[in-house]
Amino acid sequence: MNKTIKQGAWLFVIPVVVLVAFNALIPLMTVVNYSMQETFGDNVFFWEGLRWFEQVLNSERFHDSFVRQITFTAIILLIEVPLGIAIALCMPRKGFWVSVCLVLMALPLLIPWNVVGAMWNIFALPDIGLLGYTINAIGIEYNFTRQPFAAWFTTILMDVWHWTSLVVLLAYAGLSAIPDAYYQAAKIDGASRWAVFIWIQLPKMKRVLTIAILLRFMDSFMIYTEPFVLTGGGPGNTTTFLSIDLVKLALGQFDLGPAAAMSLIYFFIVLLICWVFYTLMMKNEQQ
Amino acid sequence: MLDLSWMAWTWPTAAFFVFILLCIVSMGVWEKFSPGGAPRRGVFGLETTRGDRLFISLLGSIFIFLGWLWVFSTPLWGALILSIIWTIFVFTRV
């Protein structure tokens, strides 16, 4: 069979190419240029070569915020994914309560990031916030503006509150797509609740869960607004994640060269991890 | 004339982007004269096209260079040699 090949279709791609050029390529090229130079403003630049890359790669500050970032992402993934699956399993499949549950679950996702940060900031304040006051009232000393552990606890709790719903909704969609016949077959075989989960529900949710993990990974790895509003990266530097550190470097200190080098390294790490996730996802699908 | 001074272009960075562009263009030329970009399964069990292999080579090379810079500092000739070996490996085996 002869297929007609019309290369003209490529023309339709032009708008998106132009758009990507303006919002991604040109800024990225500029960042690469800045990462090799030093500037004191006024578009005057001095060539520095790879100095900034070397400085960032060897800086303890970058290592520390990277470790904090990875730890934060790992913790929230370990909490949100199992919790999301558990909530999705508990949600009703039919009837009036389905819509109620779905709307309740979707609510945190609709709230803008900075509002979430501000809400939790007030909620967790030790003297007037409901959470902070209650914890202190039961005899545990809690002050997220002073204690690193309390700051981490609050930041993680806030992220879990904000984003577990996403995992729930995706897992619920995966569960709803399983035909009744599977459950009937499991019933005939006398399968336990655990066996149904391991052999039917989990494999059927695999695809949506991969997407959920990828999305949560990306968002948490690049998290900025919520911890910035909640703790401002403090106390000290204990909740200064990569993006907060980057903004401090670029806008706080106006060290554009090192900041550009740091953002490129940050970008490559994100790119690598996304590629690994994407490849695994595609590999699963082929099987 | 557009004022592009804010982009702070330099010859080495421009050469870097020209190199990437040339890589992509030469992939097209290669495919035109010697088609063979269909996916194949390599040593890692991944199905890759020629374009995927270019991406893997470049991404790997970035980390080879960054790692070298971190551990051994400049000059980067060793990293360049490693990257070339990595690229040949990816294009022939992956």
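A:L169 sits in helix α7 of chain A; helices here are DSSP runs of H or I with at least four residues, strands are runs of E with at least two, and both are numbered from the N terminus. This is a predicted model, in which local features need pLDDT of at least 70 and side-chain atom pairs count only at pLDDT 80 or more, while totals for chains, interfaces and linings use all residues. Residues are numbered from 1 along each chain as its sequence is written, and chains are lettered from A, with ligands numbered from 1, in the order in which they are written.

Back to A:L169. Is A:L169 buried or exposed? A:L169 is buried, because 20 other C-beta atoms lie within 10 Å. The cut-offs are 20 or more other C-beta atoms within 10 Å of a residue's own for buried, 12 or fewer for exposed, and partly exposed in between, with C-beta atoms placed from the backbone. Leaving aside residues up to four places away in sequence, A:L169 touches A:M105 and A:A106. Contact means that the C-beta atoms of two residues, placed from the backbone, lie within 7 Å. A:I122 is 47 residues from A:L169 in sequence, and the two C-alpha atoms are 28 Å apart in space.

Next, helix α5 of chain A. Helix α5(A) covers residues 113-124, so 12 residues, and its first and last C-alpha are 16 Å apart, close to the 16 Å expected at 1.5 Å a residue, where the expected span is 1.5 Å times one less than the number of residues. Which residues of α5(A) are buried? They are A:V116, A:G117, A:W120, A:N121 and A:A124. Seen down the axis of α5(A), these buried residues fall within an arc of 135°, so they line one face of the helix; the arc is that of the directions from the helix axis to the C-beta atoms. An α-helix has 3.6 residues a turn, so residues three or four places apart point the same way. The partners against which the buried residues of α5(A) pack are α6 (130-137), α7 (148-176) and α10 (225-230) of chain A.

Now the interface. Contacts between the chains involve 23 residues of chain A and 19 residues of chain B. On the side of chain A that touches chain B, at least two residues each come from α1 (14-35), β2 (45-47), α2 (51-57) and α12 (256-286) of chain A. The largest share, eight residues, is supplied by α12(A). By type, that side of chain A has 14 nonpolar, seven polar and two charged residues.

Chain B itself has three helices and two strands, in the order α-β-β-α-α from the N terminus on. The C-alpha trace of chain B spans about 45 × 40 × 20 Å along its principal axes. Of its 94 residues, 12% count as buried. Among contacts in chain B with a separation of 6 or more, 47% are between residues 24 or more positions apart.

Last, two backbone details. Most residues other than glycine have a negative phi, and most peptide bonds are trans. A:F254, which is not a glycine, has a positive phi of about 55°. A:F254 is in the loop between α11 (242-252) and α12 of chain A and counts as exposed, with 11 C-beta neighbours inside 10 Å. B:A8 also has a positive phi of about 55° and is not a glycine. B:A8 is in the segment before α1 (11-33) of chain B and is buried, with 21 other C-beta atoms within 10 Å.

How values were computed
Ala, Val, Leu, Ile, Met, Phe, Trp, Tyr, Cys and Pro count as nonpolar, Asp, Glu, Lys and Arg as charged, and the others, Gly among them, as polar.
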